Amino acid sequence: MNRTSQPTSSPLSRREFLTSALAVGGGLALSFSLPAQEGGPPRPAGPPAAPRSPSAFLQIAANGAITIITPAVEMGQGGHTGMPMIILEELGGDLKQLVVKDAPAEKMYNNPLFGQQSTVGSFSVRGWYTELRRIGAAGREMLVAAAAREWGVSPAECTAANSVITHKPSGRTKTYGSVAALAATMPVPQNPALKDNSEFKVIGTSPPRTDVAPKVDGSAKYGIDMVLPGMLVGAIKAAPTVTGTLKSFDDSAARGMKGFHSTVALPNGVIVLANTYWQAKSALEKVKVDFDPGKLGGIDSAKVSALLHSGFNEQGAVVRNDGDADKALAGAARVVEATYEVPYLAHACMEPMNCTVRANGDTAEVWVGTQSPQAVQAAAAKALGLAQERVTVHMQYLGGGFGRRGESDYAMQAATAAKASGRPVKLIWSREEDIQHDFYRPAAAIRFRGGLDASGKLTAMEARVVTSAAPSFGGPPNAGFYTSSVGDMVYDIPNLKVTGINKDIGLRFGFWRSVNQSHNPFMVEGFLDEIAFATKQDPYLFRRSLLQHEKAKRHLAVLDMLAEKSGWSKRPAGHFYGISAFAAYGSFIGSVVDVSMQDKTIVLNRVVTVIDCGVAVHPDNIVAQLEGGMVYGLTAALRGEITLQDGAVVQSNFHNYPMLMMSQMPKTESYIMPSTAAPGGVGEPGTAPIAPSLASAIFAATASRIRSLPLSKHNVDIIAARA
Amino acid sequence: MIKLNINGKQVDLDADADTPLLWALRDDAGLTGTKFGCGMGLCGACTVLLDGQVVRSCVLKIGDVGTKAITTIEGLSPDRSHPVQKAWIAENVPQCGYCQSGQILAAVALLKANPKPTDADIDAAMTNICRCGTYNRMRAAIHRVAKGTTS
Ligand code: FES
Ligand code: FES
């Protein structure tokens with residue numbers, strides 16, 4: 001057997017171990033402290049990882065039930081399946097005995113890669129992979145040791161699989177549950193042996209997701225479904241501008257209405273509380289509210305665009321400076337210039353923002369679907385005037401997250417209303433509130449200049465990246481962040497200069513599925529496509545020629561697999577293909593879009609996506625994420641646009657912020673590159689390649705270059721092909 | 001008091017006649033499987049069946065329901081055994097799942113009216129939004145039911 005060893009951890013805490021062991025009533029609970037995983041991407045400033053107690057992740061009861069507490073929440077991305085699978089793999093546990101629980105808000109569950117308890121950034125599997133495997137492996141060794149002791153044999157003579165320990169020479173067996181109590185008294189191995197990838201039995205398979213069954217009969221509980229005795233329901237109206245503040249309100253017309261309880265003033269709006277949501281919403285409509293618009297007052301989308309463009313004339317922070325781009329551009333035989341731009345976008349999670357809070361004197365409870373339990377805990381605690389640890393967060397399923405539910409504004413509001421009313425409160429935002437009070441994907445623009453020598457070789461490039469990101473939690477975004485996929489591109493361009501500048505307009509910035517990769521690859525890949533066509537080169541082969549070096553190996557392999565799977569070199573007559581590929585979230589992703597023309601209408605025949613995400617934990621779920629991400633990106637590319645008028649968001653509901661529908665859904669093919677590399681991210685990367693690949697295909701078909709989104713602004717009609 | 005026939009039971013609800021069926025189901029009848037997505041009849045998260053036909057319950061007042069039989073996701077089967085539910089599980093359709101109650105009921109109505117729908121039929125009948133983008137899996141699940149290979 002070929003096993004890999006991990007570095008030694010700090011010694012276990014005996015006291016913590018006993019406490020944990022007691023907590024599962026005679027079953028197995030593990031305790032040792034694990035060091036934060038090293039070797040990942042640089043960790044942004046944040047609290048250091050707390051020591052981890054494996055019993056906080058894995059508990060085995062005498063009846064055999066394997067409870068796995070997952071630090072990743074479930075928002076449809078598979079957190080409640082993928083994370084447990086990693087522990088079960090090393091534990092040798094039976095999937096059928098799995099019970100999944102959400103981790104409570106506690107530092108112990110801070111992601112090792114970035115030091116926060118947040119299900120964001122496609123960080124869950126890649127951040128937790130090694131630690132979860134070690135927890136599972138330690139559990140298996142303790143169970144084997146317990147069985148071996150009962151039999152009076154050497155643990156080396158025993159194997160463990162499917163929750164059963166077998167003594168090989170005698171064929172005797174014991175279940176995990178039957179030895180769990182004894183196992184809990186065994187020393188915790190500080191350096192458990194991990195399986196070789198070739199021995200995986202769980203990782204790389206696609207069992208049914210644990211959250212699917214309750215989602216087909218209405219029994220899955222989302223935050224919005226919470227009901228408490230004596231609970232009031234709140235409807236909210238916040239200032240039309242997200243920087244606005246409440247000046248005054250008059251609720252006299254609402255006071256006599258059926259079910260009305262009270263009106264709660266917030267710094268930026270009002271919440272009306274009533275017995276039911278409909279009563280609250282009906283009463284809210286009768287409340288007269290006066291707001292001050294704040295910093296955004298008078299700003300409209302034309303101004304936003306002008307401000308972005310003004311950034312091109314400013315210096316900006318230099319994030320990449322290879323060779324001498326200024327000189328090379330000045331001496332180039334030919335210079336190609338282009339400006340790309342994208343608008344603000346809202347998340348539009350299917351479940352509108354909501355939160356339920358019950359204050360119990362010196363403690364409080366919160367029921368919510370959130371990507372960031374500790375942020376919710378802190379927000380509620382602040383509103384209630386409690387210490388953070390006095391607030392318990394009960395995690396619910398998320399009806400979509402996409403980055404929006406990493407914020408906790410709605411938790412602060414619900415807690416404020418619970419405190420003011422002295423009653424449990426469930427606050428539900430309308431769709432209008434949701435779209436008009438989001439944390440937005442920023443509008444952004446890049447001006448490119450590419451220098452070609454006499455032979456047509458791309459020798460220089462300059463990219464001026466301008467964003468409009470207002471500071472959010474964690475302070476103002478830095479240039480290294482919002483220039484990602486530009487500043488860190490691996491294309492072989494000898495003279496490359498990338499600068500970044502942030503023109504903060506005041507519209508609050510949010511992490512929108514794939515974040516900077518939702519726009520930068522559209523622009524970089526679009527510009528490279530322009531260079532390819534300007535120099536009469538095949539867009540695939542042109543990219544290939546810029547990726548002939550060691551650092552670009554995985555990127556290039558994805559590009560080649562895309563060409564192979566899409567049949568790039570055998571494009572049927574009348575079919576036009578567009579291509580893009582790049583690194584994203586520790587993975588490598590790309591797509592080929594296949595279109596044809598029907599008069600002036602573009603027919604989307606299929607989208608072929610390839611990802612190299614390292615070890616594929618649950619391939620079927622990865623494919624689902626690639627498709628879902630593609631839809632998210634395609635929705636934005638076709639018609640996604642948040643505009644401002646007098647500082648307020650114009651769009652309000654799905655009639656003017658439309659979503660992709662079944663009838664527009666293209667045929668998809670998704671492929672996962674076989675790999676034994678450490679896992680990369682999956683949830684976000686799939687969103688990114690559709691816009692650049694589609695724009696590239698449109699150019700191939702129509703010779704018209706799409707340099708801004710959405711496509712609806714360019715009078716392009718697109719339909720999905722149907723057999 | 002308004003009398004409604006919900007999932008085969010007569011229910012008396014203490015709600016005004018102009019209350020949308022969606023909120024009467026969720027807040028008054030305690031059936032939270034029917035979801036709120038837009039409140040304007042645009043997304044279909046609130047889809048229920050009225051005498052077997054799809055309706056968007058956020059824009060239907062309970063005073064207008066009359067004696068028609070309301071079927072919500074909770075009333076589809078006691079044990080996830082409806083062929084559409086089984087097909088949804090077999091195809092691992094749901095992601096966040098929030099739209100799925102409405103999607104499943106829309107598929108039930110479609111398959112009842114048209115047991116062998118074409119892709120064009122599915123495009124025309126399945127008009128609910130899925131923000132997670134599960135469209136192709138829903139399509140596959142509907143074809144699975146049509147072929148009788150639900151598990
Ligand atoms: S909530 Fe009824 S259609 Fe959207
Ligand atoms: S599964 Fe999330 S909206 Fe459809």
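Leaving aside neighbours within four places in sequence, A:Glu141 is in contact (heavy atoms within 4.5 Å) with A:Pro189, A:Pro192 and A:Ala193. The model is predicted, so that local features need pLDDT of at least 70 and side-chain atom pairs count only at pLDDT 80 or more, while totals for chains, interfaces and linings use all residues. Residues are numbered from 1 along each chain as its sequence is written, chains are lettered from A and ligands numbered from 1 in the order in which they are written, and side-chain values use heavy atoms, with hydrogens and water left out.

A:Glu141 lies in helix α3 (residues 124-151) of chain A; helices (H or I, at least four residues) and strands (E, at least two) are DSSP runs, numbered from the N terminus. With a relative accessibility of 28%, A:Glu141 counts as partly exposed, a class between buried (under 20% relative accessible area) and exposed (over 50%), with a 1.4 Å probe and protein chains only. A:Pro187 is 46 residues from A:Glu141 in sequence, and the C-alpha atoms of the two are 9.7 Å apart in space.

Strand β11 (residues 269-274) of chain A is largely enclosed by the rest of the structure, because 6 of its 6 residues are buried. A:Gly269, A:Ile271 and A:Leu273 point one way from β11(A), and A:Val270, A:Val272 and A:Ala274 point the other way. In a regular strand, side chains alternate between the two faces of the sheet. Strands pair if DSSP finds at least two bridges between them. Strand β8 (residues 232-238) of chain A runs antiparallel to β11(A) and is joined to it by 6 bridges; A:Ala238 has A:Gly269 as its bridge partner in β11(A). Strand β10 (residues 260-266) of chain A is likewise antiparallel to β11(A), with 6 bridges, and A:Val264 is partnered with A:Ile271. A hairpin through 2 residues links β10(A) to β11(A).

The contact between the chains takes 61 residues from chain A and 48 residues from chain B. About 4,600 Å² is buried between them, 58% of it given by carbon and sulfur atoms; buried area is the accessible area (1.4 Å probe) that two parts lose on being put together, summed over both. The two chains share 7 salt bridges, each a side-chain nitrogen of Lys or Arg within 4 Å of a carboxyl oxygen of Asp or Glu. One of the salt bridges joins the side chains of B:Asp123 and A:Arg722 (2.6 Å, N to O). On the side of chain B that touches chain A, at least two residues each come from α1 (21-28), α2 (83-90), α3 (100-113), α4 (119-125) and α5 (135-147) of chain B. The largest share, 5 residues, is that of α5(B).
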